[in-house]
Amino acid sequence: MSQFRISLGAVAALLPLSLLAIISFLVVYAWPAIEFNGIGFLVHNDWNLGSMYANPVTIDGHQVLPGANYGVLFLIAGTLLSSLVAIVVALPLGVLSAIFLAEAVHGHLRTATSFVVELLAAVPSVVYGLWGYVVLIPFLGHHVYPVLEHTLGAFIPFFAGPSGSGYGLLTSGLVLAVMIVPLITATVRDALVATPSALRESGMSLGATRFEVVRQIQLPGVRKVIIGASILALGRALGETMAVLMVSGNALNYIPKNIYDPISTMAAFIASQLDSALQDPTGMAVRALAEVALILMVISVVVNAAAQLILWVSGGRR
């Protein structure tokens, strides 16, 4: 029995050790870029690989191409804003869908509908990206965004025009929302279905309606599940690559001024720029991309740590 526990402990230790190994690799590999870029890497919008046909020069002890500069503020803004749009749209839709599946659908219909929801979560991201490119961008760009520009844009500056062609922040957020809604729905639905029937019956016996039972008894009971599902969904949105790459507009050195503007996220930028970075004979461009990956990893860890803090605080208050 003791050997079994030791084996389980060793397997469990692999998870944090693997995280530390990944972070350590990124730090070591990106260290020359970290030294070269300094704090300006986080606050500047000047990603420039330099002159690919010139001889490398030495700056502060590091060989780089002439004119090379690396600043990723536009990537941080694009990543956080698109993920924020996605979670704002997906969280209420996911919770409401979970309530509908748990309370309004029964028997074989619930099983079939739940299977479809879980199947949506398994669709490859490139399929969502292709759908967004072929269907969503033309529809939103020609029919929806002009209406939003002249209605919401009249009193919300971030929705003011120009509405653009359909590529951009809002489209990226909507595609990400479609991708993460099934994850939130499936997780919260399972938690609601697992709520003891005695709690529902107690609420009903006190004269509460079905909606009041859900709102005042069931949802508070699955609050931690909702927070956990939201963080998992947010983590997927932060790290999504291909779908965002296909609908974001791939803006370079540009921070969006409205919700329709093109953006670029860290994960998508790494995928799109890796081939060009590999042409840098000094290797600094690839190391700068590794620094981008390190920042994305840190943001993901901070988001999850914040979620754990929220759960701890909410548990303490209860």
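**Briefing: helices, pocket and nonpolar patch of a predicted model**

Residues 114–140 are 89% helix and 0% strand, with end C-alpha atoms 29 Å apart; helices (H or I, at least four residues) and strands (E, at least two) are DSSP runs, numbered from the N terminus. This is a predicted model, in which local features need pLDDT of at least 70 and side-chain atom pairs count only at pLDDT 80 or more, while totals for chains, interfaces and linings use all residues. Residues are numbered from 1 along each chain as its sequence is written, and side-chain values use heavy atoms, with hydrogens and water left out.

**Overall architecture**

- The protein contains twelve helices and two strands, arranged along the sequence as α-α-β-β-α-α-α-α-α-α-α-α-α-α.
- The C-alpha trace spans about 80 × 65 × 35 Å along its principal axes.

**Annotated regions**

- An unreviewed UniProt entry lists "transmembrane region" at residues 72–102, 114–140, 167–188, 225–247 and 292–313; UniProt positions are given in the numbering used here, feature names are shortened, and annotations may be inferred rather than shown by experiment.
- Residues 72–102 are 97% helix and 0% strand, and their end C-alpha atoms are 44 Å apart.
- From the unreviewed UniProt entry also comes the feature "domain: ABC transmembrane type-1" at residues 76–307. This span is 75% helix and 0% strand, with 20 Å between its end C-alpha atoms.

**Largest pocket**

- The largest pocket has a volume of about 150 Å³. A pocket is an open set of points on a 1 Å grid over the protein atoms alone, where a 1.4 Å probe fits, with protein on both sides within 12 Å along at least five of seven lines; its volume is the space filled by probe spheres set on the points.
- Lining residues (those with an atom within 4 Å of a point) are Val95, Leu96, Ile99, Phe100, Glu103, Ala104, Arg210, Phe211, Val214, Arg215 and Leu219.
- Helix 3 (73–104) and helix 8 (210–221) are the elements that give two or more residues to this lining, and helix 3 gives the most, with six residues.
- By class, the lining has eight nonpolar, no polar and three charged residues. Ala, Val, Leu, Ile, Met, Phe, Trp, Tyr, Cys and Pro count as nonpolar, Asp, Glu, Lys and Arg as charged, and the others, Gly among them, as polar.

**Nonpolar surface**

- Helix 5 (residues 125–150) supplies the largest share of the nonpolar patch, five residues, and Val134 lies in helix 5.
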